[in-house]
Amino acid sequence: MKKIEAVIKPFKLDDVREALSEIGIAGMTVTEVKGFGRQKGHTELYRGAEYVVDFLPKVKIEVVVREELAERAVEVIAETARTGKIGDGKIFVTPVERVIRIRTGEEGPEAV
């Protein structure tokens, strides 16, 4: 199994969720996060004063999928979240050693 973490622009969340649902991924964890990369930050005006916003709002999606579905899931996220502008985000893929469904005690792919 693989864990896919994607940090994307917030307005792309619904599109990514729908696209993942279409390929059979039903469950995910979504967290509102803040961060920056090459995009750095930007300057905003508030009550006549300029200030720098260092951390930009993003959304982190986490899904655990069977090994054979991982590459397709990554492709779908990348295609759907892409705007072509700086700050589109990142996707991280890591192996998952063990999954346990707390309610039933099921383990492995059946627990996902």
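These legends go with an overview and several close-ups of a predicted model.

Figure 1. Starting at the N terminus, the elements run β-α-β-β-β-β-α-β. With a radius of gyration of 17 Å, well over the 13 Å that the globule rule gives for 112 residues, the protein is more spread out than a compact globule. The C-alpha trace spans about 55 × 30 × 20 Å along its principal axes. Of the 112 residues, 29% count as buried.

**Figure 2. Lys 2 meets Glu 67 in a salt bridge.** Here N and O sit 3.7 Å apart. Lys 2 belongs to strand S1 (residues 2–8) and Glu 67 to helix H2 (residues 67–81), so this pair ties together parts that are 65 residues apart in sequence. Glu 67 counts as partly exposed, at 48% relative accessibility.

**Figure 3. Strand S1 again, now with Glu 5 and its partner Lys 60 in strand S5.** The two side chains form a salt bridge at 3.4 Å, N to O. Lys 60 comes from strand S5 (residues 56–65), and the pair links parts of the chain 55 residues apart. Glu 5 is buried, with a relative accessible area of 17%, while Lys 60, at 23%, counts as partly exposed.

**Figure 4. Arg 101 and Glu 106 pair up in a salt bridge.** Their closest N and O atoms are 2.8 Å apart. Arg 101 is partly exposed, with a relative accessible area of 25%, and Glu 106 is partly exposed too, at 31%. A search of the whole structure turns up seven salt bridges, this pair being one of them.

Terms used: Residues are numbered from 1 along each chain as its sequence is written. This is a predicted model: local features need pLDDT of at least 70, side-chain atom pairs count only at pLDDT 80 or more; totals for chains, interfaces and linings use all residues. Side-chain values use heavy atoms; hydrogens and water are left out. Helices (H or I, at least four residues) and strands (E, at least two) are DSSP runs, numbered from the N terminus. The radius of gyration is taken over C-alpha atoms; the globule rule is 2.2 Å times the number of residues to the power 0.38. Buried means under 20% relative accessible area, exposed over 50%, partly exposed in between (1.4 Å probe, protein chains only). A salt bridge is a side-chain nitrogen of Lys or Arg within 4 Å of a carboxyl oxygen of Asp or Glu.
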